[in-house]
Amino acid sequence: MNYKLTLIITFLILLASSLLADQSIHGFVRDDQTGEPLPYANIILPDLNRGGVSNVDGYFVISDLPVGSHTLIISIIGYANHIQSIQLPQDFNLRLDIRLNQEIIEGQSIEVSAEREKFKELISTSTVTLDRRAIEVAPSFVEADVFRALQLLPGVQSLNDFSSALYVRGSTPDQNLIMLDGITVYNPMHLGGIFSTFNTDAIKEAEFHAGGFPAQYGGRLGSILNIINREGNTEEITGSANISLISSKLLVEGPLPTGDSELLKGSWMIAGRRTYFDIIANAGWKYLIKPNLDEWERSNAPDEIIPYYFYDFQGKVNLDIGSDHRLTWSSFYGDDVLDWQYEDNYSSDDWYDDGYQPTDNYYYEGSEKSVFDWHWGNFTNSLTWRWIVNPKLIAKTFVANSRFRFEVNFDYEDEDYNHSDHDTSSSQSSYGFDLFDRINDQSFETSLTWLPSDAHKVTGGFQSKQVNFNLGMIIGFEESYNADTPEIYIDTLMWMESQPTESAFYIQDQWEINPLLSLQTGIRVANYSLHDTTYFEPRLGLKYFLSENLSLKASIGRYHQFLTVANPPDENLRFLDIWFGVPEDRAAPRSDHFILGAEYLTDSDILIRTETYHKSFDNLLTLKPTDLIAIDDDGNLRIDPFNEFWDTDAYADGLEILVKKLSGKVRGWAGYTYAITQRKYAEQDWYFPKYDRTHTLNVVADWALTEALHFSTAVTYSSGNPYTAVIGRSENWRDQTWSLDNSWWAQQSFLYGEKHAERYPGYFRWDVSFKKRKPFLNGTREWYFQILNVTNHLNIFSYIYQNRGEYDYQTGEYINRGVQRAGIPMFPFFPTFGVKFEF
């Protein structure tokens, strides 16, 4: 299929159709103080009984208007109404850029207006948008985190306290498409998964689709998360600084220096974060503790005791060229660094200092040095061109590059020199080990949004993505004696490389058939370079209003995924995803979504949503458990790369209830999930995966005690995750044929029960947070204090086992007392605090 030709023809047809003359009004609605776009603002022409709503970019258009004078009202809760008279001549498109002023209305918020408009307009099921305030409401570990906030929504599970990875409706984290301003981010984790990569201060909002997502999204089976950065203040330079228990953050934003140009206007934003615990701990060690050690301890002590830190930077620049063109550059750079170094010099003089008297004038000296360097992180860049071709047609072109690297480098070297009356010798040796996983994603997308009438919104586009994967392991060894020619050994133990390409064309129409019934139909046609197959993915959504405040929703869709990971299926900690393209001889994983729900928005601004879903999974790949590095029967080193998989099927069923309070002094949400997920493969019948939780209840609330003082709380209860229990132990006696007396020895091992047939005890955690804001210089200062696990409830992370027994020396027998089990806990009672400044 020639996607480019299809796209060009479609573009010309839509362009020709949209150029038909009529009268319309269009433009953007923005915050007057910052210039940020205001989505879901109401645009009303009361004398014509016509209206519309601004989209996520703040853009609106109302077409097919009669000639003449009309009254225009633009409103959104939290802002003063904008009222003006407009005059529409024949065949004229009126451009309006509206600025709204904030006003304080007790108990109300912009979120109320947004939720009401989404309730009316949004057809897609299972969609939630969290702005920065909603993300910061929930108490979290040390500092606010978007992934931790999402884990408190219905349908989203966490594996344990130590992981912020998202398990959505039976899907694993690799089945989530996670984007920052539309750029795919492959391993969005810091500190082994405890924190997400994204700096909350820089986030404008997070758009989350738990299932049934529209045709513009593909390449994943589970969910879609698009995190949108703040655009930057177009009026003045402002910023914020945040100091938490482990990190410091700084954000600055302002207008672009375009002078008095009426053609060019824009804004910028840059935000950075770095942990500082290593700086404080290492300085205290180096200047306070180490100088007080005795000479020998000091000479052998390292200069640093905490070799780990992470940092990240996010930036965004918007440039408006005239009224119809905008260029947006977005970038992210973040790294985790574990850098450990050791160096030691020694000589026979050390013996003399200890009173040792050498013989034969013996003397020696030597040195050894070790370096362990471990880096992992993401680097993304994108450029977006938005062109308002005319009020009814908007074109966007997007190019992006996303890179991830995971590198472990270990180097060791030593030198020795020996001298006596009889001999002189020297030796040098070095050893190196490199392990790396590199991903380079180059993406291109162009899309069109056509608004032929108030009843239709048509979107279509073409997407192409080439992803280069490179996973390798290399070792090297060098050795020489007495300055002879060194022996050098270098071997590539593992090398996996691929460059698959994904491309897709999609088109979708959102059609308001009548005031009660709306339909969203779409088709996505995808191609994967390693498969000689065209993949068709139909999407269908329906919404029907039973009354003004009550609606029914339904959606179905088919989804394919062309990337997978080589992660152990039963991992307790998901530290890293090892990505690669689906092999040529494997079918693409597939999932079908079936979702049915109802929404009710009360007059008192309480949203009640319930959804039930069924997801089927086919052609999943489950990594076969094996030792990556092992010794075979002949004593040779063997490397097993990640290429042995079981074909796996799965399904997920669930019921979700969300109650969200949007206004008043107490706001927040409560969510309940009933879920069942099962998987099976050739070696294993249906079983519950480790992330399955049958019941989950989350309650999140923020109470405005005063305008300056807030109390927040989050309570979570869930049934336990499954695990495979140890039910006994066994002993195998083996002949030690290599020993002199041909003795026997006992090899003990555990006996395991049915796979994941047992469950850990139920999980319970109650967190609280206090925030107090005061004026400070020309801005504000906010102190916050949080307590995790207020009740210090023991939540089990995993069990460890050991054999209990003792040896009876009188009888010479071993008395077996069974297997002992101990639980490893998750987060205990843990207070944290910090301060935030805004200027």
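Where is His-756 found? His-756 sits in the loop between β44 (744-752) and β45 (758-759). This is a predicted model: local features need pLDDT of at least 70, side-chain atom pairs count only at pLDDT 80 or more, and totals for chains, interfaces and linings use all residues. Residues are numbered from 1 along each chain as its sequence is written, and side-chain values use heavy atoms, with hydrogens and water left out. Strands are DSSP runs (E, at least two residues), numbered from the N terminus.

**Backbone: positive phi**

- Most residues other than glycine have a negative phi.
- His-756 has a phi near 55°, a positive value in a residue other than glycine.
- His-756 is buried, at 4% relative accessible area. Buried means under 20%, exposed over 50%, and partly exposed in between (1.4 Å probe, protein chains only).
- Asn-789 also has a positive phi, near 55°. Its loop runs between β47 (779-788) and β48 (796-808).
- Asn-789 is buried, with a relative accessible area of 0%.

**A three-stranded sheet**

- The strand order is β4-β1-β7 in an open sheet with mixed pairing. Two strands pair if DSSP finds at least two bridges between them.
- β4 (59-62) and β7 (93-100) are at the edges, each with a single partner strand, so one side of each has no neighbour in the sheet.
- Neighbouring strands of this sheet are turned by 20° against each other on average, direction ignored. The axes are lines fitted to C-alpha atoms, and angles run from 0 to 180 degrees between N-to-C directions.
- β1 (residues 24-31) and β7 run parallel, joined by eight bridges.
- Phe-28 stands opposite Asp-97 in β7.

**Salt bridges**

- The count comes to 40 salt bridges. The rule asks for a side-chain nitrogen of Lys or Arg within 4 Å of a carboxyl oxygen of Asp or Glu.
- Glu-235 bridges to Arg-99, with the closest N and O atoms 2.9 Å apart. Glu-235 lies in the loop between β16 (223-229) and β17 (238-243) and Arg-99 in strand β7, so the pair ties together parts 136 residues apart in sequence.
- Glu-235 is partly exposed at 41%, and Arg-99 is partly exposed at 32%.
- Arg-273 pairs with Asp-312 at 2.8 Å between the closest N and O atoms. Arg-273 is in β19 (residues 264-275) and Asp-312 in β20 (residues 308-321), so the pair ties together parts 39 residues apart in sequence.
- Arg-273 is buried at 3%, and Asp-312 is buried at 0%.
- Arg-765 and Asp-767 meet at 2.7 Å, N to O. Arg-765 is buried at 13%, and Asp-767 is buried at 3%.
- A network of salt bridges links Arg-132, Glu-136, Asp-201, Lys-249, Arg-773, Glu-782, Lys-836 and Glu-838.

How values were computed
Helix = DSSP H or I, 4+ residues; strand = E, 2+ residues; numbered from the N terminus.
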